[in-house]
Each structure stands twice: as C-alpha cells, then as structure tokens.
Amino acid sequence: MRRRAGEVCLGQNAVRKGVAAFLILAVGLTGLFLYGKKPGRGTSAATGAHDQHEDEHTGKLKIGKQKYTYDDTIKAYLVIGTDDSGNEEEKGDDYVGSMADYLAVIIMDKTKETCGVVEINRNTITDVNIIDRYGDGEALAVAQICIAHAYGGSKWMSCQNTVRAVSRVLGKLPIDGYYAVGMSDIPKVNHAVGGVEVTIRDDFSQTDPSLVMGKTIHLSDEQAFHYLHDRMNVGGGDNIARMERQETYLKAVLEKASGDDGAYAMAIWDALEDDAVTDMSDRDISALQNAYSAYRNEGFFSLEGDTIEADTFHNGRLHEEFYPDEECLADTLTDLCNLSPVVKE
C-alpha cells in the first residue's frame, strides 16, 4: 500500500554542514545528505533559529477514524521547497507567501534508532488555517496543502502555518522544526555539484526542448531547474510524475557524492546558507547528525492515494487534488513511529 524508495547509504562522518545540506536535498529539490565536518559558524541570520524544540515527545495520532498511540521517542522535521508565486521580500500587508511546492518530513525514532523520510504531495487536500499577517486566525479552509505557505505576514509565519497543515495530514504528529528553501535556488545546487546525469522520461518540449525524452543528459543549471520545477505542460502535468523526477535527481546526487568526504555538502551549504528559512537550533541539527550517522536508514516513503481534478478554488479552473490512502499512511507511520492501534472496547 505504500512505495519505499531506494535506501541511501550514510557515512559515519556525517556532521552538521552535511545534515543541513541533506535537509535541503531531502525534499528532492535542493541539497545533499549527511557528509562533511562540523563547521564553526552558527546558523544563518536569515533563519530565525531558536531552541523551542528541546523536549522529545510521545503521544497519540488519529488517521481517519482510527486512533493510534506510540511510546517511542519521536522527532520529526519538515523540509519545504517553495515556488516563486508569492512576494516574500515584502513585509506586513504587502507580504504574500509562496506555495510550498515540495514537502518532506524526516522522522527519527530514537527508541528504535531508525530514520526515514515521508514525502507529502503538494496537492494533498487538508484543512488549512487562514491566518492574517500577525499569524492569527482560527478559520479553516479545505484546500491543497501547498497554499498553507501563502498565509501569514512573514516567511516564518508561512512556514509555521505549513507545519500545522502537514502535522494535520500526519494525524497530528508533532513537527519539531522546519527548513525551507526556494525552488529558484535549484540552479545553485546543481552548480555546486557540477550537475548530474538523468534519463528524461517526460515530454518537456513545451518548457525546455533541450530535455529530449529518452535521452540521458548531464543537466546544466537551467536544465536542472526545469527538470525539478516544471509541472504544467510537461507530460501529463501531474505532480506525482514531478515527485518521481525529484527523487531521481536526489539519487543521482547522492551517488555522485558518495565518498567525497563532504565536499559537495559543504558547497551546497555555502550556496544556500543565506536563503534558507529555519527555526531549527544547533541542538536539532546535532540530533539529526548523530541519528543519521548511527541509526538504521529506512529510506524514502511516497504515500499512495487518489488524484482527481476539481474546481478547488471555485474559479472555474480544474486543479489536481490528492487524497492519501489512510491505510498507506497508517502503515508508513507504523513503520517509522511504531504505532499501535487503539482497540475499541
């Protein structure tokens, strides 16, 4: 009922700079896994990092009508890749957040000593909080999860609103931190790794004719952007196909970077450090570092479900709506969080 991508091999010298780069590329868009040496520098001035995630948690989840409990110690971190639809350089009333084009949750079970990544389709339908520029608002709208990032009065509010929506999709699983980077930064990442080779399996003739279907191409920076970003007018235009391309790119970068002792991770970190938005503290990064260097890697999980076209925004235009399969979601979280169903008496 669920698809697990290929496992990724991790080096024992995983450290903070590599972890941060992994947080970027784990979304399948921009970054690298856990290699390198711990840097002396602190978090970027653009991050707004803090230490609110000190306490690990155990708890309860509800998926559909079924309740679950978990006693394991779980930490979860959200990686966000945003498009360029908003106006995030403005402030106050003029601020409009971008759409969250890619979402992935890193789940770490400290009891079982495992780590895994759950990819969330940006068209997943869920309740989204309609918050104002101060971050206030209790109203909910049933919408694609990607629009949660459009609300709020700053990049950090947009991320926090997205965290809330993602947690809701995952049965109210607490999210301990987020790391967001823009899709427009894809060329920087590709440049940092010197590009990778991929086989083109979709029709890009309307967006980038140089990406010839069936050809194996070493992606230039511009080609990498189109390969990872474009969805409309590519093949069938569906987001699942784009997620598969993002996963292919991720694997290619990881294969290229294996054994490089962190050089690519450091290059990616340097390229994106000023642009990332995160609330993760040094302690959060260190926890991920330690986990991925020592824990069993469970790989990547893509949720199965149903995709339909509907007038989501009531504007007369059809948009993709994705509805995750509840059994698939429950199985995935059972694997990663060691869930136990609550038996009705």
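A crossing of two helices is called right-handed if the near helix is turned clockwise from the far one by less than a right angle, and left-handed if anticlockwise. With that term in place, I turn to the structure above, which is a predicted model.

I begin with a helix pair. Two packed helices are described by the angle between their axes and the distance between the axes. Here, helix H3, residues 186-193, and helix H4, residues 221-229, have axes that come within 8 Å and cross at roughly 125°. H3 is therefore oblique to H4, since angles over 145 degrees would count as roughly antiparallel and those from 65 to 115 as roughly perpendicular. The crossing of H3 and H4 is right-handed.

Which residues meet at this contact of H3 and H4? From H3 come Ile186, Pro187, Asn190 and His191, and from H4 come Asp221, Ala224, Phe225, Leu228 and His229.

I now move to backbone geometry in two loops. Lysine 172 has a phi near 75°, a positive value in a residue that is not glycine. This lysine 172 sits in the loop that joins helix H2 (155-169) to strand S8 (177-182). Is lysine 172 buried or exposed? Its relative accessibility is 54%, so lysine 172 counts as exposed.

The second case is asparagine 338, also not a glycine, with a positive phi of about 60°. Asparagine 338 belongs to the loop between helix H8 (326-337) and strand S15 (340-341). With a relative accessible area of 36%, asparagine 338 is partly exposed.

Terms used:
Residues numbered from 1 in each chain as written. Predicted model: local features only at pLDDT ≥ 70, side-chain atom pairs only at ≥ 80, totals over all residues. Heavy atoms only, no water. Helix = DSSP H or I, 4+ residues; strand = E, 2+ residues; numbered from the N terminus. Buried < 20%, exposed > 50% of the residue type's maximum accessible area, 1.4 Å probe, protein only. Axes fitted to C-alpha atoms, helices over the stretch in contact; angles between N-to-C directions. Parallel < 35°, antiparallel > 145°, perpendicular 65-115°, else oblique. Contact = heavy atoms within 4.5 Å.
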